[in-house]
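Hello,

Here is the structure we talked about. Please open it first, then read the notes below.

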Number of protein chains: 2
Amino acid sequence: MSDALRAALDAVEARSPRYADDLAAYVRIPSVSTDAAHAPDVEAAARWTAERLTRAGFPDVRVMPTGGHPVVVARWHHDPSAPTVVVYGHYDVQPPEPLELWDTPPFEPQVKDGKLYGRGASDDKAGVLTAIQAVEATAAAGGVPPVNVTFLIEGEEEVGSPNLLPFLEANRELLEADLAISADGGIFGVGVPSLTVGSRGLAGVEIRVRGANADLHSGMYGGAVANPLMALSRILASMQDEEGRVLVEGFYDGIPELTPAERAAIEAVPAEGDELAQLGLTEWWGDPAYSARERRLVRPTLEVNGMWGGYQGPGIKTVLPSEAHAKVTCRLVAGQEPDDVAAKLKAHVERVAPRGVSVSVTPLAGKARAYQMPLDLPVLELAADAMEGVFGKRPFPVWTGGTVPVAEQFQSVLGIWCLYFAFGEPDNGLHAPNEFFRLSTLKQGTEATVRLLYGLAGDPGALTPARG
Amino acid sequence: MSDALRAALDAVEARSPRYADDLAAYVRIPSVSTDAAHAPDVEAAARWTAERLTRAGFPDVRVMPTGGHPVVVARWHHDPSAPTVVVYGHYDVQPPEPLELWDTPPFEPQVKDGKLYGRGASDDKAGVLTAIQAVEATAAAGGVPPVNVTFLIEGEEEVGSPNLLPFLEANRELLEADLAISADGGIFGVGVPSLTVGSRGLAGVEIRVRGANADLHSGMYGGAVANPLMALSRILASMQDEEGRVLVEGFYDGIPELTPAERAAIEAVPAEGDELAQLGLTEWWGDPAYSARERRLVRPTLEVNGMWGGYQGPGIKTVLPSEAHAKVTCRLVAGQEPDDVAAKLKAHVERVAPRGVSVSVTPLAGKARAYQMPLDLPVLELAADAMEGVFGKRPFPVWTGGTVPVAEQFQSVLGIWCLYFAFGEPDNGLHAPNEFFRLSTLKQGTEATVRLLYGLAGDPGALTPARG
């Protein structure tokens, strides 16, 4: 271990008694981004973030307006020859409701059994603070951090980050960096480090099928007028075979085959209890060419999220409905483009639409590309070293089958990889009552981030820009 | 024309000036059977019906209780050697709402341009009165009616006649007859007589498909857990081919092929305007082996009346739903048994249910057999003669694709055919604001019924019991 790293870890040790108060002060601000009544609180959380960054030593701290809540940008660039990392996080929180399920008030943080309770404690105020504390400790040890650092802390993550992509696009130069680090995310379990290396993208369409211009009496017209619900059923059934393979033409085009290393890494992730039994199922379902875990994490999917039409009340009503509707979304993987997939869904629906009905297909909002880091990317080794140095265990790569647009946006807009380096645990109650963060994890996360920053400084080539 | 018929028609002529007042008094009673607040009015309408039958000369008039509103039974049996006819009708009416669309109050009957306006004027108070007036006229001419007559006037037709079948079954002897006549129904158009010779039956099921025990996140489980909406779509699509042929095994079993006479009679029914254009359609749809009219009137159908599951709101919600539901009903024709068809639907769903989901299939209420009179049934000739004698035109046979359980119930419980002999016109506003009945039709219908009663008296063999 270098003297600089040792000094920085000593600085964490010295400062860590104050971390809980810091987190409590942050959590006390009810920065609920979805609630207009909390707009002043959201604003206050942005200012608190900026002040905390200033206090950590950042010479350039800005609260920048967007179409919604502001973005806090802080830069500490001191060595043009050193790499630059941009740290992403968010200062907004989910609504605390239902309040009656909280043991203590959500915005009056309390420490119990080494855990600090309060809304946003884990998601994502501990994450933001962990990164700030780490930079602060390295600067305390060396005068400046070991790399150039930019912080990008937004206030709209909990409402889908509607202004983040435009902000990235409008501030490419300000945010120019060699690597992004997401301080939003988590690890596999308490003391079980992991690195998220992939998430699925999203594309979807809403399908509307129309028959006659009004609902009809099935006695007067049954058998002689096309039924939109039957037509829609036929359309949906044509999109997937009985074993789960998607039949939309070109759906799988451009998807690289999973490598043996990826397949092995996916299967190496420990199981989370007896999930099948918890779901009330006896078997997984889907494309037999892939394992259930592969299908859940890294293979593309097609799901009907909702379908409706005609009479849904009790008893019988012999209507021949005029319209039928469905929402269909696909989780995407590397190689698939959301707009392209939506266009293929539309073309499929229009091609198979039965006689006697008309169809309209509209893309759904929320599209996103998948994100996938190669498992042999050197920065993953640096991150694993940093985690192992603190937790005593080598982290394993994990995937989320869900969609996390920010990582892919760093890649596509700034041309850099986004490393997930965050420490929330699955039991932290994100988006739920009695959210908490472990104070021990707060310190461990800070130490791991200190180690990562030195690791990045020692081997700039490890950052491996994705582009150019 | 016999002297007796001439005298009876003269009696109609003499009494007809009072018919409008009679109908007005009947319509003034707001006998809305579905509204508990109107229960005393429904009771009053039953008493009014009984009193009117007594005034017409019926020696045996009863208001008989049921599980709901009472049934009025009146018998005038005087000659064991003469045939007996049972006349069916109903004294209850639909709710008048929306009141603001009525030009005059629905229960304050008014005559304008030869039409009497008010709720129930056409459906079915004119029908009940027409039959009473006809019997009254024949008795005025001959001392007694030319045949033995039983009236069976119920008060729950507008709520689906839930107590009629049990009443028929419990009073077989009281109602024993050679022919039933329905005074509920109508003719094809103003001055265009027709005879309804068939209606379709009904059977249906509700299908529930279950996957996991809760809605799931499509990012966490998409691709690896069977989707109930997709499974249900597959099930429904398997029930019918693209051209409308039902694929449920045994669905068409036992259905006699349409005769050339039936097919010709069906096509001879005049068209009702440009229906396709009114429906916003460019073509009819369905089994190409039959004409659109045959498919609408006399062929069995399978329709999805409603389907639902998952997220139906605006925008996107990436749920993998736990359940999916559909209601499916079939219109049945002669040769099909409702319970058998429901069982076949259930067996089909269970057979094709995809892997990974469980299905439950529950029969829907409202089942009914189809009703179909042979076109060469002699009583149809008698009825046609009676109509032609009044309207100057031979009636043509018509079918309804809808379901009218009463006719089939007379057939299956009492073993007799049910002749539709009623005079409401399609423009009468049944179940709609500004319902009316033409006073000229009130007299014509009475005359036609007088002619029918004499025709039935002259040729008892023409009644052709369906059984025994």
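Domain bounds here come from an automatic or database domain assignment. By that assignment, chain A splits into domain 1 (3–199 + 370–463) and domain 2 (201–254 + 298–363).

Before the rest, the ground rules. This is a predicted model: local features need pLDDT of at least 70, side-chain atom pairs count only at pLDDT 80 or more, and totals for chains, interfaces and linings use all residues. Residues are numbered from 1 along each chain as its sequence is written, chains are lettered from A and ligands numbered from 1 in the order written, and side-chain values use heavy atoms, with hydrogens and water left out.

**Domains of chain A.** The centres of domain 1 and domain 2 of chain A, taken over C-alpha atoms, are 41 Å apart. Seven residues from domain 1 of chain A and seven residues from domain 2 of chain A make the contact (heavy atoms within 4.5 Å). The buried area between these two domains of chain A is about 470 Å². That is the accessible area (1.4 Å probe) that two parts lose on being put together, summed over both. Carbon and sulfur atoms give 61% of this area.

**The two chains.** The same surface serves both copies: 100% of the contact residues of chain B recur in chain A.

Best wishes
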